[in-house]
Every structure is written in C-alpha cells, then in structure tokens.
Amino acid sequence: MRKNIPALILIAAGIAAVAAGICLDQHTDVLAKAIRICMECVGIG
Amino acid sequence: MGKKRTIIQALSAILCNANIKGFFTGQIYTGATKSVCVPGLNCYSCPGAVGACPIGSLQTFLTGLKFKVPYYVVGLLIFFGAVLGRAVCGFLCPFGFLQDILFKIPFFKKNRFKGDRILRYLKYVILALFVIILPFTFKLTPFFCKYICPSGTIAGLLLSAADPRVRPMLGNLFEQKLVILGIILSASLIVWRPFCKYLCPLGAIYGFFNKAALYRMDLSKDKCISCGKCAGVCNMNIDPSRTPNSMECIRCGECVKACPAGALVCGFIRQDASQKKSEEVV
C-alpha cells in the first residue's frame, strides 16, 4: 500500500525549514518576542 | 467524535495556557517553551501562554528592519499543516474552542445566509494584506496583531484584570480592538465560528494543506447513497460528499457521525484508500 507521499514530502520540508531556522538562531528571535508583552497585540499600541 | 473533540479542545486550551500563576499576577511566562509556536491562535502575551503565537511570530520576522526569511516559523506551519491540516482549527485552537462554546448557548441561529461564500475570501485577504504585505512594507508594525487579532484583545483584558498598572495604558486602540472582539464573540452566538470562517489567517494557511494532510477525510463512493445528510449537518456549509477535503473543513466529524451508510471516514488515512475504493467501483 502506497503512503501519502505529498504529506510526507511536506513534513520533510517543514522539518528541514525548522532545522534551518534553528541553525540561524531564529527560535531565539521567537523567544525574545514571546517573553515580552506585545504592546500592539494587547491593544496598548 | 463530539465529546472526544471537546475534551481534546479543552486539554489543548489548558496546555497552551498552562501558566496559571500568570492569570493572577499579570506576569507573562518567560520559559524556554516560548521559543516554540503552538499550532493554534493563542496570543503569546496572554498571561497563561506557554508557547508562541505562529501568526505573531511570522510577523516578527516580516516587520524586522533587517529582513530574515522566517524558516523556523514557516517550517512549523508547514509541519502542522502537513500532519493535521485544518484539524488544528477543529481540535487544537483555543479561540476556535471559545467560539464553539458560544455557539452552544441557546440563541437565534443563522448559519447559512447570502454572502457567506464571498465572505470566506476575506481571510485570504487578511492573510495577504495584514499578515504579510503591510508588515513587510511598513516594518515594525504587526498589522494583524495590532488591528484585528481578538486573541490579543483577550490577552489585554486578562492582563489588565490581573495587573492594575496596565489599565491606564489601554486607550483608543484597545477600545477599537474591543469592538472587533465584541462583534466576533456576539456573532459566534448566531453563526458557527465566524472568525474561523471569515477572518482567521491561520485557518487560511492550514486550509491549503487540507488536500494533502495526513489527517484527512475519505469518501467511499460505493457506499455513498447521496442522501445529503452530511451537507445538512455541516456547520462550515460544505458538502463532504463532493469535497471531503475542502479547504474550509475543520474536521469536526459531524458529517461522519451523520452518514447513515458509513461512507465517510476521518483520521490518519493513507491517501490511496479512496483511490482503491474508486478502482473497485470501476
């Protein structure tokens, strides 16, 4: 029985992009934004 | 599926907002888990949030003065989309759960109306304009979060309730966002998930994955008796017997429950299952 190839390709692409992002330290950019109150988000501006 | 889905939704909402202390102190969580985006719409400035919002994080990269291709956030969105598609909306999104609860309140209901189809395109406009084009063009302003996102407004309400120092800071922008939140929540009493149907850019993204995702719906054409019951119960106003993997389907499973012939199945199905059944009919 064949597998869902498009989904598996997308999952592999997603994981590769996440890995590339981690190598570029992008997860720390996300962390830096997420641990401070986002003034725009909560409506302060 | 109904009760099971509600339990999963509740668990997801609790897990995404597990920093209970924050609801009383008004202090947002600052642990390492905040470097990971949650699959659903959950503002990272919510005092309970233990993860990052994917739409907010995406805009963080697009609004930066020094442009970085957002591999990390896009990769996570592709991963969630490829595994679950819009099942994220149906099972994991805390804001979707809130709308589900509101729709259960006995009130005047009008889930099918003229203009519903055209309004669906609005979420793609919001994704293109407020999440990508405007933040990328004007920099430093996350337009969707600032002017639309109702999850952020709830975060603002919770923060101001827990920390009185926040209250004097809330001005015109907050009032404007409060009106939008009020409209969405009021509409949720009448229409099923109006935010998901018409406004959510995250749902728009996951919709693109519905046809390919591992979590999918399968229609067995040899079993289908074309009774139309699936389309009748669908709160997203889709006809699952025609488009079981429609971009609008959030995998609530009501059609599967309603099908008297057992022609619809939903879950982690291998893609060739439907093809095999079609071949058998031929």
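In which helix of chain A is A:Ile9 found?

Guide: The model shown here is a predicted one. A:Ile9 belongs to helix α1 of chain A. With a relative accessibility of 55%, this residue counts as exposed, because the term applies over 50%. A:Cys41 stands 32 residues from A:Ile9 along the chain, and the C-alpha atoms of the two are separated by 34 Å.

On the side of α1(A), the contact is made by A:Ala7, A:Leu10, A:Ile11, A:Gly14, A:Ile15, A:Ala17, A:Val18, A:Ala20, A:Gly21 and A:Ile22. On the side of α4(B), the residues are B:Tyr71, B:Tyr72, B:Gly75, B:Leu76, B:Ile78, B:Phe79, B:Ala82 and B:Val83. By class, the residues of this contact comprise 15 nonpolar, three polar and no charged.

From here the view may pass to chain B, where another pair of helices can be examined. Helix α3 (residues 54-63) and helix α8 (residues 122-138) of chain B pack with their axes 8 Å apart, at an angle of about 20°. Angles under 35 degrees count as roughly parallel, so this description applies to α3(B) and α8(B). The crossing of these two helices is right-handed. Helix α3(B) contributes B:Ile55, B:Leu58, B:Gln59, B:Leu62 and B:Thr63 to the contact, while α8(B) contributes B:Phe130, B:Val131, B:Ile132, B:Pro135 and B:Phe136. Eight of the residues in this contact are nonpolar, two are polar and none is charged.

The loop of chain B between α2 (20-25) and α3 contains B:Ala49. Its relative accessible area is 0%, so B:Ala49 is buried. Beyond its neighbours within four places in sequence, B:Ala49 is in contact with B:Cys16, B:Asn17, B:Tyr29, B:Lys34, B:Asn42, B:Cys43 and B:Tyr44. B:Gly22 is 27 residues from B:Ala49 in sequence, and the distance between their C-alpha atoms is 8.5 Å.

Two further residues of chain B may be considered. B:Ser12 is part of helix α1 of chain B, residues 2-16. This serine has a relative accessible area of 9% and is therefore buried. Residues up to four places away in sequence being set aside, B:Ser12 touches B:Phe91 and B:Leu92.

B:Asn245, by contrast, is located in a loop, between α14 (229-233) and α15 (254-258) of chain B. It too is buried, because its relative accessible area of 11% falls under 20%. The side chain of B:Asn245 reaches the backbone nitrogen of B:Met217 at 3.0 Å. B:Met217 is also among the residues that B:Asn245 touches, together with B:Asn210, B:Lys211, B:Arg216 and B:Arg251, when residues up to four places away in sequence are not counted.

Note on methods: Residues numbered from 1 in each chain as written. Chains lettered and ligands numbered in written order. Predicted model: local features only at pLDDT ≥ 70, side-chain atom pairs only at ≥ 80, totals over all residues. Heavy atoms only, no water. Contact = heavy atoms within 4.5 Å. Helix = DSSP H or I, 4+ residues; strand = E, 2+ residues; numbered from the N terminus. Nonpolar A, V, L, I, M, F, W, Y, C, P; charged D, E, K, R; others polar. Buried < 20%, exposed > 50% of the residue type's maximum accessible area, 1.4 Å probe, protein only. Polar contact = N/O pair within 3.5 Å; in protein donor to acceptor, adjacent residues only side chain to side chain. Axes fitted to C-alpha atoms, helices over the stretch in contact; angles between N-to-C directions. Parallel < 35°, antiparallel > 145°, perpendicular 65-115°, else oblique. Left-handed = near helix turned anticlockwise from the far one by under 90°.
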